[in-house]
Amino acid sequence: MKETKRISFSIPTAHERLAAFGLTEEEIERSLDLVEQKYGPVDELVPGEYAIELPIEEPGAPVYTNQDVISSFYAAARQVGADGWSWLSRAGLTGLVADRQGEYRGPAIDDLPGLTAGEKARIQAILAPTAAPPAEAVPSFTWVGPTGNHDSGRFGHQIEMIVIHFTASGSGTGTVSWFKNPQSKVSAHYVIDRDGRMFQVVKDGNNAWHAGLSSRPALGLEANRLRLERGDLIRPNPRAIGIEIVNWGPLEKRDNKYYNWTGKEHLGQVVEAGGQYWEPYTESQYDSLIELVSYLCKRYGVTIRYPPQGAGVYHERPQDLADFSGILGHSAIDNTKSDPGPHFDWDRLMAGLRSAG
Ligand SMILES: [Zn+2]
């Protein structure tokens, strides 16, 4: 079992009380998540005594949801024509179904009772399909997951593409919260904030929900038929890592002022590109993106190249993308999307990747 530290606090101001324990802002946020899971929305707690168990971070230790573990059991058992539930039962883990989105806190797979070494190896191979790279090669991102908004594993696909998005949002933490909200049904593997800080929400080996081509009621029958067919051919989520860059996206100009989609005035810098106004990406975001994409390309053997028609250009022929390994914008996959937008400097990304080796 993981070690935990016990944290007790009183209402009001849960955040301030947690800060008084000398926790980092990130630990506070994780703690508030746990409090919310256990007791309900923090702002609605009544005065009284509360206690949670905050797991002590073990650097490099994989973090799985209970559903990841359940799915790996089923997938491993299926490989040998066996039943996943009976494996879970032998290992004493059937209780995991009671909290599918929670973080797995049970024994390491190797230490589980009731399973043969071969069975454990199969489960392990599905849970951790690639060996961990040397620590110095890994960019410094903060793990802020897990979220329930993902599928365990990649439906048998390899990581072949890296899809770049903008969040159309005001902050990295807001975006992460949105990705962790079960209502949103969206997520990405990584989020890069304006100051260059990187967050990971979904593990690389899992299927995040960032570029799927599901049907849209507004599109009509034929358009949706083509869209679903395209999705089946490209399989964007199972084959891609999704990176979201925090950026407002398109801005509207009125009376020499600029407004983001929420209607709020945009007071920062503005660039014009493709006949529209945009918030420019920051220097720190480009630096972090180059570091992250370079690492991912090396680790998973993704080719450093655009699709033939260009990285941000919508590809009419889904077959071009079905066999493609490389880096592209969300707009290349989905004609209802514009991200990362014409203000994104693809040449800078590519030059950075090439000089990073
Ligand atoms: Zn997108």
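Select Asp68, Ser72, Phe73, Ala75, Ala76 and Gln79 in helix α3, then Glu119, Arg122, Ile123, Ile126 and Leu127 in α5; these two sets meet, contact meaning that C-beta atoms placed from the backbone lie within 7 Å. By class, the contact of α3 with α5 has six nonpolar, two polar and three charged residues (Ala, Val, Leu, Ile, Met, Phe, Trp, Tyr, Cys and Pro count as nonpolar, Asp, Glu, Lys and Arg as charged, the others, Gly among them, as polar).

This is a predicted model: local features need pLDDT of at least 70, side-chain atom pairs count only at pLDDT 80 or more, and totals for chains, interfaces and linings use all residues. Residues are numbered from 1 along each chain as its sequence is written.

Now show α3 (residues 66–79) and α5 (residues 117–127) whole: they pack at an angle of about 125°, with axes 8 Å apart. Axes are lines fitted to C-alpha atoms, for helices over the stretch in contact, and angles run from 0 to 180 degrees between N-to-C directions. The two helices are therefore oblique to each other (under 35 degrees is roughly parallel, over 145 roughly antiparallel, 65 to 115 roughly perpendicular, the rest oblique).

Zoom out to the whole protein, which has twelve helices and 14 strands; these are DSSP runs numbered from the N terminus, helices being H or I of at least four residues and strands E of at least two. The C-alpha trace spans about 60 × 55 × 45 Å along its principal axes. Of the 357 residues, 34% count as buried (20 or more other C-beta atoms within 10 Å of the residue's own; exposed is 12 or fewer, partly exposed in between, with C-beta atoms placed from the backbone).

Next, go to His150, in strand β4 (residues 150–151). His150 is buried, with 26 other C-beta atoms within 10 Å. Leaving aside residues up to four places away in sequence, His150 touches Ser187, Val202, Asn206, Asn207, Ala208 and Trp209.

Step back to the loop between β3 (141–143) and β4, where Pro146 is found. The peptide bond from Gly145 to Pro146 is cis, with omega near 0°. A cis bond also joins Asp339 to Pro340, with omega near 5°; Pro340 is in the loop between α11 (330–333) and α12 (346–355).

Finish with backbone phi. Arg235, in the loop between α7 (221–234) and α8 (236–239), has a positive phi near 50°, and this residue is buried, with 22 other C-beta atoms within 10 Å. Asn256, between β10 (250–254) and β11 (257–259), has a positive phi of about 60°, and counts as exposed with 5 C-beta neighbours inside 10 Å.
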